[in-house]
Amino acid sequence: MREWYERLLFILLITPNMLLLAAFTFWPMIYNAYLSVISWNFLSPIRRFVGLRNYETVLTSDIFRIVLINTAVFTIVSVAVTMVLGLGLALLLNQPLRLRNGARAVLFTPTVLSGAAIAIIWIYMFDPRFGPLAQIINWFSSLAHLLPARFSESGLVEWLASVRSPQWLSDPNWAMSALIIVYVWKNLGYAVVIYLAGLQTIDRTLYEAARIDGAGAWAQFWHVTLPGLSPIMFFLLVTSILACFQAFDIIRVMTDGGPVNATNMLVYHLYERGFIQSQAGPAGVVAMVMFVLMLILTILQLRFIERRVHYS
Amino acid sequence: MDQSVEFQRDIATRQRSSWRACTLRHGWIWHMMGYAAIVLSVIVIGLPIYWMLIASFKTSREIYTVPPTWIPLNPTLDNYPAAWQAAPFARYYINSIIVTLVTTISKMTLAVLTAYALVFLRFPGKNIVFLIVLAALMVPAQITIVPNFLTMGDLGLVNTYWGLILPGAATAFGTFLMRQYFMTLPREVFEAAEIDGAGHMLRLWTIAIPLAMPALVTTGLFAVVNEWNEFLWPLIITSTEDMRTLPIGVARLLDQEGLARWGVVMAGTMFVVMPVVLLFVWSQRYIVEGIASGAVKG
């Protein structure tokens, strides 16, 4: 009797959550697989089964190659810069400084801001005429004439004096850099917070032991800090890569994937295929590819956690 | 209780002494570099936010002067009412508040109920249910947009509150977080209450929820921030002005006013950002600690 009551209660408690997950998380995965093998424009009553033709079309298309390269460049550069800068900052902040927690809060603020708002603010920041970045660049450029005369022979002075703000968002060669700058700005505080938490977990006695063994600051960093931080660096690496793969809002508002596809990346491409070009099949293929990529990353993460448990 | 206070004090003293050791070891150069890092990073991270703030107080003539001014010469409040009228911000606010509150409450409730069942109730094969929750964690919301849009079309819920709310109403992440937290609670308290005759719902309400408050607050804060900023789904599922949420609305304000009225656009951006910034200032510790402890525990 009591046993049956408990079972009934169990089902009652989990059902709403499980039903919603089934309808809006698991069913879409099956639906994507179905969409990826049909030809359909969302409106017509005719849905034609085309087998793997959509996969062939998408995977061999130039645009998909560009999207993959863009995503890879964006992910590698922004994750690397964020992690290195974040580590440096966290090491410097990991000492008794006044206003340290205040600085940590300011650094973290961009993480909680709306992506749409961030994009709008940065469009203004990047404005080549009225934006502050242009003015800072001009200011540096105007310092050219202060350089000693011997530099003028090499053309350095002329070059520096002629530097102007790039057309960040309308020049295909600069748009990706602009986007990376914005994402590093947004995510740096998150990395610092995670690193600082990781630094607190390192056993202090290891540093004392290292010092007794005659290790200098560099050796301590290399042999105590880095190994101690490695699990958290791995966590940060995987979560940052996943976040980069999912980037959308800032891209949509700042560049719309352009100019000429210079910042077109996975989620934007999915949105474009599905909701601008109304191609159900190719959209399904892009979703499937994204899912596989992310699944591989997540499994990698789980395997590393497993190994870490084995070692310790 | 006493023990934990003592333990915390112990940690605090140890941290202080190790910090002192740290300063002595690296010396004052490292210390000065620390302050330089604080100043530099606060300037670099704060500059865009500062720029939004001052631009929202500038007259449009001042905005279009070269070189730009770093402090408003004639500060004005005109941009705020202008932005409020340029787009239906009152409506955006109502929509954002409704969607954020309902989604957050739903997420917290469902997470607590499911986690309680997973930890404290006996059910044959309940680990499979937990595995399903873990599997749901691996499906990013971005790749569900096309099928979910089609589902909403079939249900006739496109451009409605239900359409905005339903796909985000459940939570695998929150369930996972709450389950992990419930696992750490002392079983004896629950057993004692059971002997006193308290049923499961009473135990859930009077013991589990109060004890799990820290995890619940973290879950709630994350949900509020994420829902308030959510962009992709509301962009797709809404099609008329009266259903737009704030982030979509302000992006449309940019399209309309664009480079012509930066002051107004920045005031509109302030409308979107201010509530979250205030919430963050007030709850900064919970959010930052929540993120940090989540990472350390892995």
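**Two chains, one predicted model**

Chain B has an average pLDDT of 87, and 90% of the residues score at least 70; pLDDT is the predictor's confidence in each residue, from 0 to 100. This is a predicted model, in which local features need pLDDT of at least 70, side-chain atom pairs count only at pLDDT 80 or more, and totals for chains, interfaces and linings use all residues. Residues are numbered from 1 along each chain as its sequence is written, while chains are lettered from A and ligands numbered from 1 in the order written.

Student: What makes B:Phe222 of α11(B) a buried residue?

Tutor: Buried means that 20 or more other C-beta atoms, placed from the backbone, lie within 10 Å of a residue's own. B:Phe222 is listed as buried, as are others including B:Leu216 and B:Trp228.

Student: What makes A:Ile120 stand out in the largest nonpolar core?

Tutor: Such a core is a set of buried Ala, Val, Leu, Ile, Met, Phe, Trp, Tyr and Cys residues joined through C-beta atoms within 7 Å. Of its 151 residues, A:Ile120, A:Val192 and B:Tyr116 touch the most other members. Helix α8 (residues 175–201) of chain A gives the largest share, 15 residues.

Student: Which residues of chain B does A:Ile120 touch?

Tutor: Contact means C-beta atoms, placed from the backbone, within 7 Å. Not counting residues up to four places away in sequence, A:Ile120 touches B:Val250, B:Leu254, B:Val265 and B:Thr269, along with A:Val253.

How values were computed: A residue is buried if 20 or more other C-beta atoms lie within 10 Å of its own, exposed if 12 or fewer, and partly exposed in between; C-beta atoms are placed from the backbone. Helices (H or I, at least four residues) and strands (E, at least two) are DSSP runs, numbered from the N terminus. Two residues are in contact if their C-beta atoms, placed from the backbone, lie within 7 Å.
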